[in-house]
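I am opening a notebook page on this entry, and I want to record what I looked up and under which cut-offs.

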Amino acid sequence: SGSGRLLQRPHEGLIQAMRSLEVQVVRHPDHLEILSQGWTASDVPLRVDSKTSSQFLSGILLSAWGLPFDLRVDISEPMVSRDYFL
């Protein structure tokens, strides 16, 4: 759950990234329901939409710190806040 302002933000990029990690996401008016078995290794790069916000990419990179496997990420272009990640 989150504040009204947080829930008004676009979440589609985050939801798509989570679903590509085989996470179930259900959107409710006042919260997101997230069901996950944790991080799993994949041969397919994780696609992250960074056209409208860099927050999803930041969150994924911080959450992936210390994983016992390499995480490949495919970042969409044009990228918001590109200099932040260089």
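Which helices each supply at least two residues of the lining of the largest pocket? I find that α2 and α3 do, helices being DSSP runs of H or I with at least four residues and strands runs of E with at least two, numbered from the N terminus.

The model is predicted, so I note that local features need pLDDT of at least 70 and side-chain atom pairs pLDDT 80 or more, while totals for chains, interfaces and linings use all residues. Residues are numbered from 1 along each chain as its sequence is written, and side-chain values use heavy atoms, without hydrogens and water.

Entry on the pocket. I looked up its volume, which is about 250 Å³, and its lining of 14 residues, of which Leu-14, Met-18, Leu-21, Trp-39 and Ile-60 are the closest to the centre. The largest share, five residues, comes from α3, and the lining divides into eight nonpolar, six polar and no charged residues.

Entry on α2. In this helix, residues 12–20, I list Gly-13, Ile-15, Ala-17 and Met-18 as buried (under 20% relative accessible area, with exposed over 50% and partly exposed in between, 1.4 Å probe, protein chains only). Glu-22 follows α2 and has a positive phi, near 65°.

Entry on salt bridges. My search of the whole structure found one (a side-chain nitrogen of Lys or Arg within 4 Å of a carboxyl oxygen of Asp or Glu). It joins Arg-47 and Asp-74 at 2.5 Å, N to O, linking strand β3 to strand β4 across 27 residues. Arg-47 is exposed at 54%, whereas Asp-74 is partly exposed at 32%.

Notes
1 Å grid on protein atoms, 1.4 Å probe; cavity = no way out; pocket = protein on both sides within 12 Å on 5 of 7 lines; lining within 4 Å. Points joined across faces, edges and corners; volume = space filled by probe spheres on them. Nonpolar A, V, L, I, M, F, W, Y, C, P; charged D, E, K, R; others polar.
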